[in-house]
Amino acid sequence: MDTTTTDARAETEGVDGGVGLTALLVATARAIETHRHDSLAQDGYAEHFVRAAPASAGWPVRVEQVAGGDSNHLWGRFARYFGLRTRVLDEFLLRSVRRDARQVVLLGAGLDTRAYRLDWPSDLVVYEVDRAGVLAFKEGVLQELSAAPRVKRVTVPVDLRSDWVAALTSAGFDPVVPSAWLAEGLLFYLPGAAETSLVDSVHRLAAGGSALAFEAKLEKDLMAYRDSPIYSATREQIGIDLLHLFDHGPRPDSAGALRARGWSVSMHTPFEFSRKHGRGPLPEPNDALEGNRWVFAHKPRP
């Protein structure tokens, strides 16, 4: 994985002791969403991460602090996208644990606080897999707040480019017990071979009754919207060139691979959920969100 994409991603991942700008971008969006009167998701910890990192300390945490408000393509429409994504994936995980899963694995967990803010069954274990620097920053902020997880939480400090499977199983993950997996905003940063390896590993580790959700981006759309207002605003306002971070090699058909192995798989546009909830981004001309897909997969019981 020694690629230009990996090098470019490292440029943002080195910010603030290992916390990437992209993680802070998502945390900021969750903070803004939390303070909306019509909030789709609540994350009371998000703004504390934003304020604790020097790179993002001056970023807005309420839409009222944004020039142009909701008309701002970054902190208005794009932030609302992340709020919607948070809500949809929250619901996916909660449905999964109500059915079968007794383990949750957050791959590339970033500044995710689901172990602290969702109403989990008491016998659940949440594993957070990410680089040591990200987890240490998050731990420091949460300790300052005297925050306590609502469920057993296990951090797994490992780079997903390393042997994360061994690290996860060594941390206590049990492949015999049904699990719910989440790869939120992760796969399109990885080379195709790395995505295939990750999905293969999840398939091997997931017992019958397990579930997986991940976000994909249609390959043909990666560069089609170079001048999309969302990408332009992100570059200009906070210096993140997302298209420079995305891997531009051929994308694997991970949904199809899971389907071929017997998983039931559904693929959705985010706009479907905007219409369902009555708020969130809807299609626009030259729309960078047009190629985004949210994939939900379930492995049948034996």
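Visitor: What is the mean pLDDT of the protein?

Guide: The mean pLDDT is 92, and 92% of the residues reach 70 or more; pLDDT is the predictor's confidence in each residue, from 0 to 100. This is a predicted model, in which local features need pLDDT of at least 70 and side-chain atom pairs count only at pLDDT 80 or more, while totals for chains, interfaces and linings use all residues. Residues are numbered from 1 along each chain as its sequence is written, and side-chain values use heavy atoms, leaving out hydrogens and water.

Visitor: What makes Arg80 and Asp38 a salt bridge?

Guide: A salt bridge needs a side-chain nitrogen of Lys or Arg within 4 Å of a carboxyl oxygen of Asp or Glu. The closest N and O atoms of Arg80 and Asp38 are 3.2 Å apart, so the pair meets that definition. This pair links distant parts of the chain, 42 residues apart: Arg80 is in helix α4 (residues 73-99), and Asp38 is in the loop between α2 (21-34) and α3 (46-52). Helices (H or I, at least four residues) and strands (E, at least two) are DSSP runs, numbered from the N terminus. The structure holds 26 salt bridges.

Visitor: Why is Arg80 called buried?

Guide: Buried means under 20% relative accessible area, exposed means over 50%, and partly exposed lies in between (1.4 Å probe, protein chains only). Arg80 has 9% relative accessibility, so Arg80 counts as buried.

Visitor: What do Arg85 and Glu215 tie together?

Guide: Their side chains meet in a salt bridge at 2.5 Å, N to O. Arg85 lies in helix α4 and Glu215 in strand β5, so the pair ties together parts 130 residues apart in sequence. Arg85 and Glu215 are both buried. They also belong to a network of salt bridges whose members include Arg30, Asp43 and Glu184.

Visitor: Is Arg301 buried or exposed?

Guide: Arg301 has a relative accessible area of 52%, so it is exposed. The side chains of Arg301 and Asp100 meet in a salt bridge (2.6 Å, N to O).

Visitor: What makes a space a cavity and not a pocket?

Guide: On a 1 Å grid over the protein atoms alone, a cavity is a set of points where a 1.4 Å probe fits but cannot get out, while a pocket is an open set with protein on both sides within 12 Å along at least five of seven lines. By this rule there are 4 cavities of 30 Å³ or more. The largest cavity holds about 660 Å³, where a volume is the space filled by probe spheres set on grid points joined across faces, edges and corners. The largest pocket has a volume of about 210 Å³.

Visitor: How do you know which residues line the second largest cavity?

Guide: Lining residues have an atom within 4 Å of a point. Among those lining the second largest cavity are Arg85, Glu184 and Glu215.

Visitor: How many residues of that second largest cavity's lining are charged?

Guide: The lining has 8 nonpolar, no polar and 3 charged residues. Ala, Val, Leu, Ile, Met, Phe, Trp, Tyr, Cys and Pro count as nonpolar, Asp, Glu, Lys and Arg as charged, and the others, Gly among them, as polar.
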